[in-house]
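The following exercises concern one protein structure. Please study the sequence and the model before reading each solution.

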Amino acid sequence: MINYSRGSTGIPKGVVFTHKNIVSTLAGLFCTWPQIIAPTQNDCYYSYFPMSLPIERLLILGFIFCGGSIGFGTDRNVNTIFDDMSLIFFSFLFLFLFFTS
């Protein structure tokens, strides 16, 4: 998997995530916090972040690995996110909170 950066610290570039990187990250998450992140085949992850975010891709791969399902939002519009959420019976949601001053 190649993740392309926007170049905030210089020239934009592609960063390679190897199979070993992905497997070790997922294993670390599931083994370190099994009571928090332990999806089963009965769980559904609601995905609304862009697939360009590495954490989003890792969460999706983790749910696939554990046999869980993934519900994708129809668009990335904050005005319709609650409509999408009412259609998908999800058990996991990953949030980023940004605060500006």
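**Exercise 1.** Is isoleucine 64 buried or exposed?

*Solution.* The structure is a predicted model, in which local features need pLDDT of at least 70, side-chain atom pairs count only at pLDDT 80 or more, and totals for chains, interfaces and linings use all residues. Residues are numbered from 1 along each chain as its sequence is written, and side-chain values use heavy atoms, with hydrogens and water left out.

Step 1. Recall the classes: buried means under 20% relative accessible area, exposed over 50%, and partly exposed in between (1.4 Å probe, protein chains only).

Step 2. Isoleucine 64 has a relative accessible area of 53%, so the residue is exposed.

**Exercise 2.** Determine which class applies to alanine 38 and which residues it contacts.

*Solution.* Step 1. The relative accessible area of alanine 38 is 38%, so this residue is partly exposed.

Step 1. Contact means heavy atoms within 4.5 Å. Apart from neighbours within four places in sequence, alanine 38 is in contact with Asp43 and Phe92.

Step 2. Between alanine 38 and phenylalanine 92, 54 residues apart along the chain, the C-alpha atoms are separated by 10.0 Å.
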